[in-house]
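Work through the exercises below with the sequence and the coordinates at hand. Each task is followed by a solution in steps.

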Amino acid sequence: MNKPIDGALLTPGDPHALWQQEYAAQIGTDRAVVNRSGIPVKPLYTQSDWPAGAPADTALGMPGQPPYTRGIYATMHRGRTWTQRQLTGLGTPEEYNARLLDVLAQGATAVSLIPCNSVFRGVDMDESHIELLGTCGTVVNTAAHMDRALQGVDLAQTSCAMNDPSPFTLLAFMLAAAKKRGTDWRQVSGTSNQSDYLSHYVANHMFFRIALPGARRILGDHIEFCNRHVPKWNPMSVVGQHMQQAGATPAEAMAFTLSSAIQNAEDCIARGMDPDQFLPRFTFFFDISISFFEEVAKFRAARRIWARVTRERLGAKDPRAWRFKFHAQTSGVDLTRQQPLNNIARVTVQAMAGILGGLQSLHTDAYDEALSCPSEFGARIAVATQNILREEAHLTDVIDPLGGSFYVETLTDQMQLEIERVMAIVEDAGGMFKAVQGGLVQRMIGESARRFQSKVDSGEQTVVGVNAYPVEEDRSARPINARPDRAAMQAHLDAFRAYKAARSAADVQRALDQLARAAGDTRDNIFGRVVEAAEAGCTHGEICATLRRELGFGHVQAIV
Amino acid sequence: MSQAREPGAAGSPSVTGRRPKGAGMTEAPIPKVLVTKIGFDGHDRGSRIVAAALRDAGMEVIYTPPWQEIAAVVKLATEEDVDVIGISSLATDHLIVPKLMDALREAGLADTAVIVGGIVPDEDEQMLLDAGVARVFHPGSPLAAITEYVRDITPAIRARRATPTDIAGERR
């Protein structure tokens with residue numbers, strides 16, 4: 001212990017009042033500081049800010065105990081660090097497989113598969129511009145493609161996360177491949193990344209253009225099917241990342257995500273499903289901006305809200321249903337094309353915010369994402385950044401190390417209030433489905449995006465290299481843009497055409513007819529029929545086209 | 001591609017902004033701009049922000065949702081008689097912009113300026129310029145730089161595209 005301070009050195013009177021005086025005298029005209037979510041930030045936080053002013057229901061709890069402010073597990077990163085889940089996807093199934101086996105050989109235990117944008121659009125490779133095939137993801141159109149993409153991967157042992165929006169044909173292809181290999185579906189584990197059609201509709205629009213009511217039903221069928229037949233699979237990934245990337249403030253993005261989760265959960269309950277069964281298989285996916293403390297507070301506040309919503313509103317009794325499990329990705333919007341190596345610093349700060357915010361899984365962006373699809377060199381640095389943060393920086397020594405900070409606790413309370421304020425707006429609009437259908441959420445996000453852009457354009461928000469600190473750049477140091485091998489893609493396309501010609505047309509038609517009938521019959525399970533279609537040799541484009549025909553074509557609203 | 005066969009695949013473009021009444025031919029022309037996305041990507045933060053900035057700068061803006069077919073863009077540009085087409089590309093969709101340029105030339109719209117904004121690697125920028133794209137705006141471009149550029153190039157575009165109906169001031 002230090003020696004007690006000599007009484008003569010103690011300042012007389014109220015130290016806080018004295019600090020206020022000195023601060024005012026020295027700062028002159030203080031600048032107003034407001035975070036991205038619109039919350040004013042003071043120059044100093046003290047005991048007087050917390051916990052006296054905190055709302056009554058915002059107790060911290062211990063890690064692993066409700067309301068989980070300090071983390072959803074008792075051990076958090078001290079026990080088991082986050083899953084390092086880097087997104088992977090490029091070229092043909094064979095090119096993807098080679099890279100995947102390489103990643104697995106380096107010690108990765110989880111698979112991630114990003115399909116080509118043509119897959120997101122719900123079309124097959126023979127309906128697409130060849131220039132675009134495989135440039136942003138792997139071209140997987142059939143169960144046979146998936147089997148080749150995952151060659152050498154034990155599907156009973158390896159968790160597979162796939163960006164697989166409605167109607168979840170990639171999982172269907174994987175289940176077909178698993179059955180062919182004799183792997184029990186009950187051993188298959190992983191996540192349908194971004195299965196949240198609402199966020200796709202609102203923000204990044206990478207969904208299949210099936211009209212909203214149809215997308216809603218397919219998701220419900222998917223959750224129900226997986227709960228029953230693939231119990232280790234996480235069929236629901238509720239997404240805030242798209243909305244924050246599109247311009248929502250951190251608080252808005254969290255509010256819309258929680259509102260989406262409530263909508264999806266209540267849709268499941270309306271089908272007669274048990275929240276204690278389906279909620280433990282809900283996961284979340286978020287963006288982490290560079291607004292460090294705000295992001296930490298966002299995640300801490302969200303855990304608290306979800307713990308209350310699941311118990312009080314959704315009626316879940318099993319603690320596993322109360323836990324707010326999330327994957328996060330560092331924000332690409334904060335990255336700059338100017339002085340791109342600076343992005344390594346940005347990603348580091350963003351990742352730290354997510355780690356100290358208590359994430360379960362992390363993707364760090366490559367520094368060159370504002371220049372092109374990430375190069376292998378850029379991707380390697382992104383992985384190394386995680387390794388450094390995990391094993392060099394001592395970030396995992398202590399659970400919730402920012403807990404108890406007067407500022408962080410106050411900000412957590414304030415973010416909670418702001419998140420709940422926005423959730424109430426959505427609630428007043430009739431819930432997330434209706435709020436999205438009416439364009440309310442899209443308009444709010446657009447306004448926030450424009451507000452942020454005007455701050456950057458006016459210089460109020462500094463972006464190093466963009467509106468401040470310009471330097472002459474050496475462009476030759478920039479990474480080489482990775483592009484798939486065009487000849488390999490052409491061969492993949494030729495083989496696909498030959499495959500389609502050689503299949504049993506009758507089997508394909510029977511499966512597609514069955515799928516179409518299921519779309520018109522709510523007692524049937526659409527996803528179950530998608531799996532059957534995959535097993536019958538149907539292609540992704542055929543399955544999507546059938547459902548679009550039956551359930552209607554979804555359009556993005558033109559909202560400026 | 002299948003979108004082309006789907007009814008209404010183009011989505012509904014929204015027309016914003018108005019040509020102010022009494023805008024005479026001696027004044028600087030009010031640019032008419034189509035802001036759109038072709039290809040597969042759906043990320044529209046950039047196209048929405050740019051469309052709003054052009055509108056707020058007093059221009060006439062036709063905005064479409066993402067995933068437009070090249071043929072649909074050409075049709076819309078023809079029908080709306082735009083001066084400038086702005087293509088937003090975040091995920092390699094710029095690779096089919098040369099196809100758009102060919103289609104515009106075939107439709108007699110060679111004088112319509114095409115600008116591309118978004119993530120365009122250095123080596124692709126030259127490819128786009130060679131294909132006839134007027135300018136590429138990269139991430140970090142101030143909105144004012146885009147609106148000023150569009151305003152600056154419009155008089156020359158109008159002069160090249162001038163037709164009798166144009167001079168009468170009534171194009172639609």
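**Exercise 1.** In this predicted model, state how strands β2 (residues 32-36) and β3 (residues 60-63) of chain B pair, and which way the side chains of β3(B) point.

*Solution.* Strand β2(B) and strand β3(B) run in the parallel sense and are joined over four bridges. In this pairing, B:L34 stands opposite B:I62 of β3(B). Next, sort the side chains of β3(B): B:E60 and B:I62 point one way, B:V61 and B:Y63 the other way. As to burial, the cut-off is under 20% relative accessible area, and B:E60, B:V61, B:I62 and B:Y63 are all buried.

**Exercise 2.** Find how many residues each chain brings to the contact of chain A and chain B, and how much area they bury.

*Solution.* Chain A contributes 50 residues and chain B 48 residues. Between them the two chains bury about 4100 Å², with 57% of it on carbon and sulfur atoms. On the side of chain A, 16% of the area buried against chain B comes from A:L132, A:R337 and A:V560, more than from any other three residues.

**Exercise 3.** List the polar links across the interface of chain A and chain B, and name the helix of chain A that gives the most residues to it.

*Solution.* There are two salt bridges across the interface. A:R337 and B:D122 form a salt bridge through their side chains, at 2.5 Å from N to O. Twelve residue pairs are in polar contact. The helices of chain A that each supply at least two residues include α4 (117-120) and α17 (440-458). Of these, α17(A) gives the most, with eight residues. By class, the side of chain A that touches chain B holds 19 nonpolar, 18 polar and 13 charged residues.

Definitions and conventions
Residues are numbered from 1 along each chain as its sequence is written. Chains are lettered from A and ligands numbered from 1 in the order in which they are written. This is a predicted model: local features need pLDDT of at least 70, side-chain atom pairs count only at pLDDT 80 or more; totals for chains, interfaces and linings use all residues. Side-chain values use heavy atoms; hydrogens and water are left out. Contact means heavy atoms within 4.5 Å. Buried area is the accessible area (1.4 Å probe) that two parts lose on being put together, summed over both. A salt bridge is a side-chain nitrogen of Lys or Arg within 4 Å of a carboxyl oxygen of Asp or Glu. A polar contact is a pair of N or O atoms within 3.5 Å; within protein, one must be able to donate a hydrogen and the other to accept it, and residues adjacent in sequence count only if both atoms are side-chain atoms. Ala, Val, Leu, Ile, Met, Phe, Trp, Tyr, Cys and Pro count as nonpolar, Asp, Glu, Lys and Arg as charged, and the others, Gly among them, as polar. Buried means under 20% relative accessible area, exposed over 50%, partly exposed in between (1.4 Å probe, protein chains only). Two strands pair if DSSP finds at least two bridges between them.
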